[in-house]
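Student: I would like to learn how to read this structure feature by feature. Please give me the rule each time, then the case.

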Amino acid sequence: MPASVGWVWLVVAFPFLGFLVNGALSFVRPDAKRAVSTVGVGVLVLSFVTAVVVASAVFAEPPHGHAYVLLLWSWIPAGTLQVDLALQVDQLSIIMMLVVTGISMLIHVFSIGYMREDPGYPRYFAYLNLFVFFMLILVLGANFPVMFIGWEGVGLCSYLLIGFWYENRPFADAGKKAFIMNRIGDFGFLIAMFMIFRATGTLSFASVFAEAPQVFEVGGTTITLITLALFLGCTGKSAQIPLYTWLPDAMAGPTPVSALIHAATMVTAGVYLVARSNVLFAMAPVSSFAVAAVGAATALFAATIATKQWDIKKVLAYSTISQLGYMFMGVGVGAYAAGIFHLTTHAFFKALLFLGSGSVIHALHHAYHATHGHADAQDMRNMGGLRRFMPWTAGVMWIATLAIAGVPGFSGFFSKDEILAMTFARGHEAGAFYVLWIVGGVAALLTAFYMTRMMLYTFHGPNRTGTEEQGHLHEAPWVMTGPLVVLALGSVFAGALNLPEVLPGAGWLHHWLEPVTEGSAAYLPAMHLEGKTEWLLLGLATVIAAAGILGAWNFLKPARLLPASEAPPEHGLQKLLLRKWYVDEIYDALVVRPVMWVSDRACWKVVDVGVIDGLFVNGSATAARAVGWIGSRLQSGRVGMYVFFFVLGSILVLRAFLR
Amino acid sequence: MLLGPALTVSVILFSLGVAGVLFRRNAIVIFMCIELMLNAVNLTFIALAQQLGPEGQVIVFFVMAVAAAEAAVGLAIMIGIYRHKNSLNVKEINLLRG
């Protein structure tokens, strides 16, 4: 192990230090914003620099066979259960580490501008630092329990940051919704851990994946159940069908939080988990197909909803769900590198889109604040023509839009195409993969459409903010636009990490991750496409992207859009999409209300009031009083009685002695 | 010598004492019955001391001393009760009823 790899604990420790300092400042000196910014961003810079040093050492000397594992201390030494607090540095975890620290650093910088006037500034940075700490624990943990600490920790930070403005009841409720839905997923993760321990007797990644081929049979019940339980965890954390409804509500948090937690990093944890456990998933073809199918279904379903949302952040939220669906499709068909590749490129362009929308919301919020207006600063019907006021934001967001839409040359084109190509390549085995491929293609078309729609309504056409407000619209300060520009560069060039096979210098990421994914290669068919087919698919992807963009450009008329206050109500399919297929209402009727009913009628009024309070608490008191009443009858206060019993007792004792 | 009749008298006296304590109502009478039981025991000690040695006689002095002390305390209590209740009927003295 190279010496500098041993510094990896510093990458984790710096954000935690920042959390401690900022957490203390939020109590002691809440107004020291300069100190908070310095600490909050400083620790991230230090963390990122350390991450780069560690990563460059790994690039210079990649681990073969065994990953570099840094043992910090023994955590749970309990008989055969031995869990160490250990960090794992290998090809996969350093990619994740660089993405997390890099994107987090940029978003921290952006937050300085975005959150400047918020009274909870130190608390915000404390939470954000804590989130980065847990996210790094998640991606660097060397065994399932350590990963689970991170997994739960990011969930906690997500809850804290969604409900950051907790005085607002719906925002606080959104935080609770996210937390509870994640708990359902975490239950799956826990069950999977128990089953893995029962089967293999260990929980560290290295031993579990090394022993899996001997312990499990391919396609067996145990391995299928384990991987399905793990995937249940992924659907919660990564917002897939059926547990995705928390993510759109999570937009209640500050926009940089949406960018960091609910787009670039935390929600991709599920993809990382599947890619990390690739051996287990490859040995369970049924589970893998379920992953791919759920991913494809989510990609399409969320994309349809995104086409009709008016809240700019809701569009991006459904877009994120849709793109996460692509990632699961990738790791589900066994293209683990492709999934991680899309995770990486998506981190750039989706963080950019969210931060850009944050910049727009910031501008509108200030404009409405200045004129004491009460219109919704996130509704696209109140935007329009903003490119004249905020050229930088408009420019970088167009770059991100082209990237996510899959325009050739941009990063999203390569990553999305690779997932679709790999899915297509497995069509030889089963026609179902062709179905997934078509679903993915349709979702790609919708992606290009709704993103262009969002850009048109936000930045083009006439301005609908209000005549008085227009004077107050202006570009964000450099501390906000700077990170946008860096992310825009990433959105353009990140595709170079893993070019298609037909291009020169192809597949770097794929080869880099081979040591991590080689364990699963034996169970998967070779996914290779001929040059001609690959060119054809690339061409088709280009056509799809162009069709989506041009379709939106031609059919949508931003000039005819009315401001939110004057807009007519929607009908038919449009209303169905606007109301998100009524999934929240269905869940409410099928799950929430029955649970509330059972809690109220059965658990509270029968079990709690009747059994616990009535039988146990009051019942035992009544029983004690009844027994006491019998005893108290002897205490007549009459000396004669006492003496009678005394004599009776004496006689009995004497009888016993004299026998 | 005369051990049998002495013990018989003792048993009769003791039983009379017990019966008096159990069935009489007047506190003074109950008190006297207790003294009767003590003296019945004393008689037993004396009778048996003839055969078993002088310890029994010594104990009788202890019993008499304790009985004297008890008489003093007991009569004082009864005076207190009488002042309080104007009666020495134990049926009416039931303040400690549970």
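Student: Does A:His372 count as buried or exposed, and at what relative accessibility?

Tutor: Start with the rule. Buried means under 20% relative accessible area, exposed means over 50%, and partly exposed lies in between, with a 1.4 Å probe and protein chains only. A:His372 counts as exposed because its relative accessibility is 66%. Its place is the loop between H15 and helix H16 (391–405) of chain A. Helices (H or I, at least four residues) and strands (E, at least two) are DSSP runs, numbered from the N terminus.

Student: What should I know about the model before going further?

Tutor: This is a predicted model: local features need pLDDT of at least 70, side-chain atom pairs count only at pLDDT 80 or more, and totals for chains, interfaces and linings use all residues. Residues are numbered from 1 along each chain as its sequence is written, chains are lettered from A and ligands numbered from 1 in the order in which they are written, and side-chain values use heavy atoms, with hydrogens and water left out.

Student: Which confidence scores come with the model, and what is the mean pLDDT of chain B?

Tutor: pLDDT is the predictor's confidence in each residue, from 0 to 100. Where it is low, the predicted coordinates should not be read in detail. Chain B has a mean pLDDT of 89, with 98% of its residues at 70 or more. The model scores are ipTM 0.74 and pTM 0.82.

Student: How many helices and strands does chain A have?

Tutor: Chain A has 26 helices and two strands. Its C-alpha trace spans about 110 × 65 × 50 Å along the principal axes. Of its 659 residues, 55% count as buried.

Student: Where is A:Gly356 found, and how far is it from A:Thr255 in space?

Tutor: A:Gly356 is found in helix H15 (residues 336–371) of chain A. Its relative accessible area is 0%, so it is buried. A:Thr255 is 101 residues apart from A:Gly356 in sequence, but 9.3 Å apart in space, C-alpha to C-alpha.

Student: What should I look for in the backbone angles?

Tutor: Most residues other than glycine have a negative phi, and most peptide bonds are trans. Now the exceptions. A:His372 is not a glycine, but has a positive phi of about 60°. A:Trp581 also has a positive phi of about 60° without being a glycine. A:Trp581 sits in the loop between helix H24 (572–578) and H25 of chain A. At 29% relative accessibility, A:Trp581 counts as partly exposed. The peptide bond from A:Ile241 to A:Pro242 is cis, with omega near 5°. A:Pro242 lies in the loop between helix H8 (221–237) and helix H9 (246–249) of chain A.

Student: Which residues form the nonpolar patch on the surface?

Tutor: Patches are made of residues with over 30% relative accessible area and no salt bridge: like charges are joined within 9 Å, nonpolar side chains (Val, Leu, Ile, Met, Phe, Trp, Tyr) within 5 Å. Areas come from the Shrake-Rupley method with a 1.4 Å probe; for residues, only the protein chains shown count as cover. The nonpolar patch consists of A:Val606, A:Val607, A:Val611, A:Ile612, A:Leu615, A:Phe616 and A:Val617, with about 590 Å² of accessible area together. A:Phe616 is found in helix H25 (residues 583–634) of chain A.

Student: Which residues gather in the patch of positive charge?

Tutor: Lys and Arg count as positive and Asp and Glu as negative; His and the chain ends are not counted. The place of a charge is taken as NZ of Lys, CZ of Arg, CG of Asp or CD of Glu. A:Arg633, A:Arg638, B:Arg25, B:Lys91 and B:Arg97 gather in this surface patch. B:Arg25 is in the loop between helix H1 (3–23) and helix H2 (27–52) of chain B. At 42% relative accessibility, B:Arg25 counts as partly exposed.

Technical notes
Salt bridge = Lys/Arg side-chain N within 4 Å of Asp/Glu carboxyl O.
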